[in-house]
Structures are given as structure tokens and as C-alpha cells.
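Open the model in your viewer and keep the selection tool at hand. Each stop below gives something to select and says what is there.

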Amino acid sequence: MQAKQSVNDFVIKFANVNGTGSASANSMFAKAIFRMGIPVSPRNIFPSNIQGMPTWYEVRVSQDGYLGRRGGIDIMVCVNPQSIKRDVAEVESGGYFIYDSTKPLDLRLIREDVNYFGIPFTDICLREYTDARQRLLFKNVIYVGALSALLNIDFNVLKDLVADQFKGKEKLITPNIYALELGYQYAVTHFECPIGIHLERGHKLAKHIEDFDNILMDGNTAAALGAVYAGATVAAWYPITPSTSVVDAFDKYCRRLRIDPGTGKKNYAIIQAEDELSALGMVIGANWNGARAFTATSGPGVSLMSEFLGLAYFAEVPTVLIDVQRAGPSTGMPTRTQQSDVLMAAYASHGDTKHVLLFPATPAECFSMTVEAFDLAERLQTPIIIMSDLDLGMNEWMSPPLEFDGDFKYDRGKVLSAADLDGMEERFGRYKDVDGDGITYRTYPGVHPDKGAYFTRGTSRDEYAAYTEDGDEYVRNMDRLLRKFETAKSLVPEPKIKQSEMETRYGAVFFGTTASPAYEAIEILEKEGIDLDTLRIRSFPFNHEVEQFIREHDRIFVIEQNRDGQMRRLLLNETSVPAKEKLIPILEYNGLPVTARKIAGMIRNYVTHGNVTPLTRRSATEEISA
Amino acid sequence: MTFVKPAFRHPDAPLNELGRSRQDYEGGLSTLCAGCGHDSVSAAIIDACFELNIEPHKVAKLSGIGCSSKTPAYFLSGSHSFNSVHGRMPSVATGANLANRDLIYIGISGDGDTASIGLGQFAHVVRRNLNMTYIVENNGCYGLTKGQDSATMDTGSPNKKGDINMYSPIDLARLAIEIGATFVGRSFSGDKQQLIPLIKAAISHRGFALLDVVSPCVTFNNHSESTKSYEYMRGANTDMPVDFVPMRQEITATYDSGATCEVCMHDGSVVRLYKQDNDYDIEDRQSALEATNHYAKEGKILTGLLYIQRDSEELHDVLGTARRPLNSMTEQQLCPGPRFLDSINAGLR
Ligand SMILES: Cc1ncc(C[n+]2csc(CCOP(=O)(O)OP(=O)(O)O)c2C)c(N)n1
Ligand code: SF4
Ligand SMILES: [Mg+2]
């Protein structure tokens, strides 16, 4: 039998039982590879359960720096008898299956084309530990130790990580290192180490990875830091996976950075609201009153916030909302990822509403876009929705470092101070478009004894904020809001475009976490002679680069993680794309992050079997005909 | 339609300590039905703020949706106001208050707005003891949507179609006392003498102050059998007259009957209450609940200051927020700067 061979390029998956402490051992495994300077992307694939259900952790190791899911499993580490049958089946031919050999393996689970490595994890634990909890926890550490030998992980790196992890609880360091050694020793004495798939330091990395002094971080923590940097002082929220860790991290950083050393008082306020309606109401109230405030939620929360989003849009109150998307509809798959809130977020609420959306693709962007969102919200006086997802928010991603320009100044938008009001000759009109960009001037409550007070309302009003049911006034106001949305196009982040080396009339459009596997898929296809230019959308409303890209290509694959092709529909709706046929949906919506192979397969399939002229490149065609 | 009042001010109009006349506390012309109880509540708010020497711009008015929630347009035109969405004023008020703890927050709601669609938010703003005055203009019906029954309508009270309400009512004052409100008053829009001092006391109270004010809807729920009508209220109202004496002012009695009780407020002002019943301790929740219950059993409605907890931790105390308003903090205070980010990055390698 052929055993797979590769250096720094494989997919390994861990099959664990939820609630047994496996996540921290698995993350130590991933971080060790990262510290060895080898690109890695770990993903927690967990159930909506606290204890007892099967849970998986998939780690992609890629010398070329591909961070999306590749598809397929090369090595399976199975410590969960519940899922063993499907775990064996998932291993690719020539792959490796590492399992707990305390009990002999059921013969039906033995595949000819897979290499088995049995390690008696349970036995070792029973022998070494008496406490039940310790037996459970150290089993995880032991298999990491074994992998260190099998895959050639630098043992010192692991030791350092243990020391980092237990800073402040030093007496836990030695037992953890001992457990690592137990696994390591078992592997070196029983198997030939390393195995055919393994790690090696010091290989040259792909250019785009090498350029940065990368960090390993989850998107939710990065977004929370963004809110701290943007000067958010109020956060209101209601717990929901996968967004909870945004506010948890905001809380953690505020405790560290925002407590006045003199008085011990907090320069921030966090409220766990009674529901998402209330959370957004608080955010709107605080922003109306001149504080920067935000909330974080997921799809079900955005549904509840819909009425308030319309109010903020129409009454023109800055609002920042972080939507960490998960699989819907309804409760859907609460711990699975998707990009399926696009249309809801873009048009949330009744009446004619449109919202500004930002689409981060890396933790660095979760940070920078959150910082930017607060400026945009105040400049545009409207809700800004940051469209993250479970995959980005809750998993650790290798990312360029977070950046913050020391000269950066908050742009609080058009706010009149008491002095401004005193200096004004004309009457203050809250909804008067003085500058012609659709954005009007506002005042904070309490700022001037006699000037600048106005009535904020969700009902139609005139330029002076007085109630009106006059149809012409209403239309004037609605048209101004449209003008403001037009202004937004020049303020929101522009897309990232990559031209293929060969001239092509075909393009691919994607956003957020679809970007990593999409870029990889494009490279796979390129090797096959299928060339595509790419555009990564980073915001809505779509700026003119998006329009231009659509205009310049004959066929465009819109790759996204939802059933209905929501971004495609938004593009059809909001750009001047002439025909539906021009945009071809490439969709994945099974709740797991889409893989590069799947994307490449769908595009390939379309090209070779679909009604599209094969996209073979000219040079390749010549070779074939030669 | 916008109604703007003439700016003419009578030269002899009395001025308060700020040199402002009562007119400075007025708002736009009301568009409510003539005789609507809500207009009397607005008038009482105007009087209370004028007499308390409040600077109008230091007040923020908030409301939900309903005839009652429209009324912030009819008083204190020098204040910012936020007419939000139906039943959600408490959350907007909470956010606003978190941003700037130095303003006076007056929330106006209706019984539909508070007791039905907004009951959840109401209960939670009470729990949080947000420093605000929350006035429910309670008419037992949905005025703005043409008179449907509300959740405060008493059992047995007929509606505009003559149907008898068979559901049990939500008594917002009692509910608030149960779930920890620190100031609960009940009043009647037709009793200015009691309502004005109660509003003053509510504004002076540090923490959440609820005023459940029976405020008849003359168009849909003012028939004599309705328990929220002027006629019924005049008969059933068992009022405990209230005096409000601002800090540093001499106490002069206005009423002369009943058992008096004086409560010194957090800011040094004094509320003097003329109780109907000597055993009633307005600083005891159980006693307050028993008293309202006792009168309700006799078909009476006890009005006045029903319950007060003088010293309590309002939301900012609980959270431990800075004394300075959060909305006044600058970039220097809030942004950790690039060097801290370097250390974050270093910790993630
Ligand atoms: C979400 C929503 N549902 C329904 C309405 C319609 N609506 C407007 S006012 C109102 C009832 C108001 O009753 P109340 O709060 O008692 O005020 P009143 O008019 O009696 O003063 C309703 C149901 C609305 N504005 N919003
Ligand atoms: S309908 Fe009723 S509540 Fe509304 S304004 Fe008229 S009287 Fe007042
Ligand atoms: Mg009502």
C-alpha cells in the first residue's frame, strides 16, 4: 500500500468528545506548527452542545500559505469511539489513522488503503493518573505528544507553549510536559518516526505569507480590539453563538485598558440586555447621545433588530452592528458557518431601507474594519453592519499583524458644537442638506442652552425635524437618503482585484471567508488552463470598481456560502449588470467552510459541461494542438 | 402639519430662578383630541420643570409610540427628544443615559407601549434602576390605533364597543414595586395639585422613578362605566396629597388633614405625603403592595407616592462607570495607541 508522503502540506483532523478539554490541546498543536514558521489554519467543528457530543478539529498545514479548507483528510486522530466509523471512512487513500488502541479495533473498521497507528491512550492514562478528570484532560495532551514524534513537531516549541499557557499556574507546567513526553516516548518506541507526512522547519514560504510577520488570532477578538481602538464606550448585547466572544473580548480588554487608575472607575459600560431588540435600542440611544456604541450578534439577533435598524436608518443615528453569521434559517445550525445574512442585512427593516455592509476576510480586517465602521457610522449617520461569520470569528487565523496608525484621528462626522451653533446665522436644520452630499448636521443633547435642540423621530419630518405628512417633503427626504448612500460609495473600503496573468474575459467574485479557498481554487484552475480574474468585495454599497469588473468580464462566478446566491442577487439588484446569465452562482451551504477543491470542482464542471465556451487559455491550447 | 406657537411672551409673566418664564418650558401646539388627559400631564411636566428651575437643554425626552408618546413634542421644546419605536423607549433611554449621565431623562409612554409590546423592556429598565423619570399615561386603551383594549384595562370594564374585558389587568405600579423599582407613584391627570409635586419628586429621585398616571382617553375610553374615565376616577380616586419642597426651602403645609409623612430625598429636597392610613409605610414594599390592594378591593384607587427607596444604587453605581459622561471622553483617554497593539501582536506569535 502506498502511504502518503508530504512535507508541510496536509490536512489533519481530530475526532473528540465535546467538553473533554480537547480544544485547548488541539489549539496547542496548531500553534506549535505556527511557531515553527509553517502556515497553519485550525478549525473547530463543534456541535451545539456543552458536553458529550462528537466534536472535530481540522487543521490545514500548507507550505504555500493556503488558509482555507482544502477538502479531504490525510491524517485522522480519533479519540472518540462514537464517531469512529465515519472518521475512518473520511481518511483519503494512503492516509493515516491514529486511534486509541486500548481496545482492539473492530475488524470492520480496517481499510486496506489506510495506515493505522494504535496508541493505548486510555491505558496510559489509567496507569498514570488516578483522578477521573485528570485521565480525561491528559489524554489530549498525550496524543499531542505522540504527534510531536510522528509529525516531527519541535518538542521545545511545545514546552514553551505549555509554559505560556500556564503562566501564573506554574505548578501545572511539569505535569503537562510529562504528559507530552508520555505520548512522545510511546510513539518513538513503537513506530518509525516521523511518518511519511510530516513537518520540517526552514522551507521557503509563499510570497504573500512571507511578507508579513504573521499572528494567529480569531476574528471576534480582533473585532473587539477594533471597538476598543475606535473609542467605543458602550456595548449592549444578548448572548448568541458565534458572536458572544466579541463582547467577552471587549470586556477583557476594557478591564485592562479602560479603568481609571486614580478612581478605579470604568470608562466604558457593558450591558447584557434582555434581548437583541433592547441591545440595539441601547446602542442607538448611546450613539444619539454622542457616545460610540456597538452590539454584536448573529442572524436571529439581526432579525429581531430589524425594526430598530429601520429607525436608525431613517432617523439617521450612527450604529455599529457586528453580525457573526451562522447557518440559518431560524435556529438553523447554530455552530456552523454560513454567509447567509447578506440580503437581510443589506435591506433590514420595512420600507425603503439600505444599509452599509463591510465584509472582513481576515482578523486584521476584523480589526481595521471595526475601527473604520465607527467613523463611517458617524460620518454617514447610519447603521454600519460588519459581516463576519463563525469561521472567521471563532477560529484562529494566520493573519498579517493588526495595524493602527498613530496619527489616526477619529472622524466624528458632522456634529455642531455650542460654538458652531453660536456662530451660525441661519436657523439650524437637522435634516437640511447644506453640503449637497446627503449628510446633514447633528447636535448632541445638552450642548447649548438655546440652540440646536431637535426632535428625533421615525416619522416623516421636514428639514427642521418637524413632523410632516407632506408627500413632497417625504420624497425629498427619501431622495436625500439615497444621495447619502451614493456618498457612501466613495467612503467604504474598495474591493481587492487580482488580474490573472493571462488575459481572460472570466471573473470570480467572492467575499469574507470564501476568499481563502477561492484564491486557492483559482490557482488550481489556472494550472489546468482555466484563467479567472478575481474581485473580493469588501463593502456594500458597491463602488464603481465592482461595476467596472462586472462590465469587463463576460462570465462571472459569484462564490458564496449560502443556498440562494444572496450576494449574486444583491449584485443583480444594485449594479448595472445587464443580464442574470452573466453571474454564475457557485454555492456551498452545508455549514462547513467551503473547500478549495469544491470551488474548483464546481467552476471546472461549469466550464467543461456547462454552456460556457471552455476557458482554456491560448498558450495551453497551442501546446495541446502542437 | 406643524404647529408653532406664537413667540410672544407676556412682559409680566413670572420668571423662575433662571430668569425663564413658564413659556420657555412649553412645546409645540398639541394635536391630541381636545380634553385628552395626556395634555394635562404635559402641562404638569411644564409646571414642574419651570418651578424646579431646570435648564431645558439639560433634559432629554424619550418616548415610544402612541398618542402619549407623541406628547414630548408638546413640552420643553428646548430639549432634545427621541420618539423611538413602539414599546422600546426603555432601551433607548438606557443607552442615552449610559452615554451621558449628567442629563435629566424623562420618558413618556402609554399603557399599550409599556404594558403590552414593551413589558419586557419596562421590567428590565426597572430592574436596572436606570436614573430616569418614566411616566405612563394610562388610559386603558390604545388611543392612537382607535381604542382597542390595553393590558391595564380593569376586569369588568367595558370598552368602546360595550364588550366587557374579562382578562386580568396588569397593574404597572404594583409590578414595578414587586420587581424592585425605587420610586413608584400613581396619579391622575385631572389632579394637577398632586401630579406636579409627584413629577418634581420623581425627577429629584436618584434612580428609576415610575409614575403611573391615569389619563383618560376622551375619544375611546371615557364612558362612565370605564374605570379609566374622568368620572370614574373622580369617584374612585383615594388621593394622598403630595407636597414637594425643593432643597433649602422652608416647608409650608398646604393640606391639613390625615397623617403626614416626610421623606428627605437624595438631593436634600423633601416630599411630604398626607397618608390615608397611618400604618402604611411607603418605604416598605410589602406595606405599599398591601395598601394598594386594600383600596383596590374596595373599588378605590390609591394615588400619591406609593413607594420609595431613598438610597439605592442606580445603574451607573452598579456598573462603576466614571463620574464624567462617557460621551465626553476623548481619543486620548479611549484609544490605547499603536504601541499597545505591538504588544498584542507580539503575544499572538
Ligand atoms: C411595532 C408596532 N406595532 C404596532 C404599532 C401600532 N400602534 C401605534 S400606537 C399603538 C398603541 C398605543 O397605545 P398606548 O401606548 O396606550 O398609547 P395611547 O395612544 O393610548 O396614548 C399601536 C398598537 C406600531 N406603531 N408599531
Ligand atoms: S385618541 Fe384618546 S389618547 Fe389619543 S389623543 Fe384622542 S383622547 Fe387622547
Ligand atoms: Mg393608552
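The chain runs from β7(B) through helix α7 (residues 192-204) of chain B to β8(B), a right-handed β-α-β crossover. Right-handed means that, with the strands pointing away from the viewer, the path from the first strand over the helix to the second runs clockwise. Helices (H or I, at least four residues) and strands (E, at least two) are DSSP runs, numbered from the N terminus.

A note on the model: it is predicted, local features need pLDDT of at least 70, side-chain atom pairs count only at pLDDT 80 or more, and totals for chains, interfaces and linings use all residues. Residues are numbered from 1 along each chain as its sequence is written, chains are lettered from A and ligands numbered from 1 in the order in which they are written, and side-chain values use heavy atoms, with hydrogens and water left out.

Now show the neighbouring strands. Strand β4 (residues 132-138) of chain B pairs with β8(B) in the parallel sense over seven bridges. Strand β7 (residues 183-188) of chain B also pairs with β8(B) in the parallel sense, over six bridges. To count as a pair, two strands need at least two DSSP bridges between them.

Color β8(B), residues 208-214. Seven of its seven residues are buried. Buried means under 20% relative accessible area, exposed over 50%, partly exposed in between (1.4 Å probe, protein chains only). B:Phe208, B:Leu210, B:Asp212 and B:Val214 point one way, and B:Ala209, B:Leu211 and B:Val213 the other.

Next, select ligand 3, the magnesium ion. Which residues coordinate it? They are B:Asp111 (OD), B:Asn139 (OD1) and B:Cys141 (O), at 2.0 to 2.2 Å. Donors are N, O and S atoms within 2.8 Å of the metal (3.2 Å for Na, K and Ca); water is not among the atoms, so sites may look incomplete. Both B:Asn139 and B:Cys141 are buried.

Go to helix α3 (residues 89-99) of chain B. Eleven of its eleven residues are buried, so the helix is largely enclosed by the rest of the structure.

Last stop: B:Leu76. B:Leu76 has a positive phi of about 45°, although it is not a glycine. At 0% relative accessibility, B:Leu76 counts as buried.
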